[in-house]
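Please read these comments alongside the coordinates.

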Amino acid sequence: MEPAILIEGLVKRYGDLAAVDGLDLDVQRGECFGLLGPNGAGKTTTVEILEGLNEPTSGKVEVLGRSWAQEPEELRARIGVALQETRLFDRLTVEETLQTFASFYGDGAAVRVATLLAEMQLEEKRSTWVMRLSGGQRQRLAVALGLVGDPEVLFLDEPTTGLDPQSRRALWDTIEALRRRGKTVVLTTHYMDEAERLCDRIAIVDRGKRIALGTPAELIDRIGGAHLVEITTAPGLPPEALAGVRGVRQARAVGDGLALSIDEPHVALPALLARLAERRVEPTRLVSRTATLDDVFLTLTGRSLRED
Amino acid sequence: MSTTPKATHGLWALSAVRLKLFFREPGSMFWTFGFPLLVTVALGVAFRNQGQAKSPVAVVAGPGAERVRAALAGRPALSARVVDAAEATRELRTGEAALSIEAGRPGAAAPLVFRYDPSRPEALATRRLADDVLQEQAGRRDVVVARDETTVTRGGRYVDWLVPGLLGLQLLNGAMWGAAFNIVNARQRKLLKRLAATPMRRAHYLLSYRVSGLVFVPLQVLVLFLFARVTFGVVIQGSALAVLGLALLGSWAFAGLGLLCASRAQNSETANGLINLITLPMMVFSGVFFSSSRFPAVLQPAIRLLPLSAFNEALRHVANDGASIFTQGVPVAILAGWALVTSVLAVRLFRWS
């Protein structure tokens, strides 16, 4: 079976600006694929091209083995979409909105309305006007609308942006349930924790280009370890002072302290403390944490994802 | 197995959405139904026929003033008051008096002076009438005896003339603010883009505004004419069916203009400007509140081509003069032309994002 999505050499220019600058990607069926990057990285442009809402300047784009130029009608019936912050009909109820969207698909779609209301925890709100929904409920409705045509591929553009932590987690549960059911999901996000938790594979994009691709674990491994130790000492130490400590794969200066990439804290920490004692240096602060994709992005670009 | 819900055809579903949204929005209800009724009442009362119209005359205080006033008081068409010279000048300037008369100034060459602004339509008539009264009093005798017979013709009052124009304006505003503004708003909030990502037939979205119009337009016609009949006794002289048909055709022409406005505008500010650019000139030129025949002859052919002028012309002939719709070929053709050309252009130019 052809991959769900195939992109080769995708370029989208707006005048002199290349929003997407030669992107290659493939998404397999049943996969939850994440496009991760800061605002303005070209994620939304890429996804809108995949959704048939924007036209590429050049490059090859296939969705479900078809191209938008040739079979737009068929593709629209087979994909589902939740755009970034769409505002729907204010004075339509949740159920009416779902029914309206269902009417655009085949007869089967109307049957799904009741199921989706339950799955997206919107049953209590079925008769509420859309304008009276909370941000989280609105996003769940947006996902439900994406699913009403029983799509083979679901696109979610920044699904949790602007949501409170509780609503984010509720939406993550929903997306995980879709993934378990084998639905192909393509999501964009600028939240590392979101990509890490939800995605089978992730492409990190920056300035219209793919700068890394792999599973969350592979990407984290690329920065040299699954854990990070941040340490401040008195007096301060240069990174070289910790060279050769057992279990420390990399050390670099961060602020007035050091950041160390390590694989196994239980091996590295005793060795590290021993080295400090040997040098007669006192640790004033020591934090050990799991490395995140944010650290990957920082390592790859020298910039933090949050600098948007 | 129990009955499964069936997908409604997209066009009907979208049209139902239009109707629901309309009736759930208090603002649109007021502007579509309430506002035209308020205008009808306000203008109908302001310009009602108060028996006979009286022209105000200011008589400048002086030796002959009281004699002039008394003479003019005998005529129901005139209402004369004695005021001082400064007040008379002021009233003439503001239009409170159509004419001022100064009589019997000692040593003057003419014992009577009429002052008026000839560009005011009623000034000249008032001057002639006052002159007649004063000349007759001084002894002039008419050579031919004439008798006046006055009637108020059916459908000939201002309010009779106003109501069809208000319906036109209402339909135009409905198409502009109800449809065009609404579409631009949907584009701005990315709802159009979201809809374009579904298999919805795109023409259905635009058509849904017309299908819902089949409900709104007859309602608007019914409410306005029923109200005008109850309050002012305005009667449709021609065929009510022809009025309804014209209203539907007019609403198509206006909706086409609305769609054209909405086809590209990216935000409500642009839409606002475009809509005003189209509706304001028509409010002035197309004879909604006053007859467009007041504009110079050289402008008339252009004015007649405006969709609202064509609509008002045809509707007034049918509603006020009782003409058959089949005598209104020219305005009907103009409306149909606007409906066709604007719709085709709008669909060509329409952007979903």
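The points below concern a predicted model.

1. The largest nonpolar core has 156 residues. Those with the most contacts inside it are A:Val148, A:Phe155, A:Val186, B:Ala180 and B:Cys261. Helix α6 of chain B (residues 158-188) gives the most to this core, with 17 residues. A second, separate core has 18 residues, including B:Val59 and B:Leu134.

2. Leaving out residues up to four places away in sequence, A:Val186 touches A:Ile5, A:Val27, A:Phe33, A:Val47, A:Leu50, A:Val153 and A:Phe155.

3. In chain A, three strands form an open sheet in the order β2-β1-β4, with antiparallel pairing. Strands β2 (17-27) and β4 (58-63) of chain A stand at the edges; each has a single partner strand, so one side of each has no neighbour in the sheet. From one strand to the next, the twist averages 25 degrees.

4. Strand β1 of chain A (residues 5-14) is joined to β2(A) by eight bridges. A:Leu6 has A:Asp26 of β2(A) as its bridge partner. Helix α1 of chain A (residues 43-50) lies across β1, β2 and β4 of that chain, at about 120 degrees to β1(A).

5. In chain B, helices α9 (residues 240-262) and α12 (residues 307-319) pack at an angle of about 175 degrees, their axes 10 Å apart. The pair is therefore roughly antiparallel. Among the contact residues are B:Leu246, B:Gly250 and B:Phe254 of α9(B), and B:Phe311 and B:Leu315 of α12(B). The contact comprises 12 nonpolar residues, one polar and no charged.

Key. Residues numbered from 1 in each chain as written. Chains lettered and ligands numbered in written order. Predicted model: local features only at pLDDT ≥ 70, side-chain atom pairs only at ≥ 80, totals over all residues. Axes fitted to C-alpha atoms, helices over the stretch in contact; angles between N-to-C directions. Helix = DSSP H or I, 4+ residues; strand = E, 2+ residues; numbered from the N terminus. Parallel < 35°, antiparallel > 145°, perpendicular 65-115°, else oblique. Contact = placed C-beta atoms within 7 Å. Nonpolar A, V, L, I, M, F, W, Y, C, P; charged D, E, K, R; others polar. Core = buried A, V, L, I, M, F, W, Y, C linked by C-beta atoms within 7 Å. Buried ≥ 20, exposed ≤ 12 C-beta atoms within 10 Å, placed from the backbone. Pairing = 2+ DSSP bridges.
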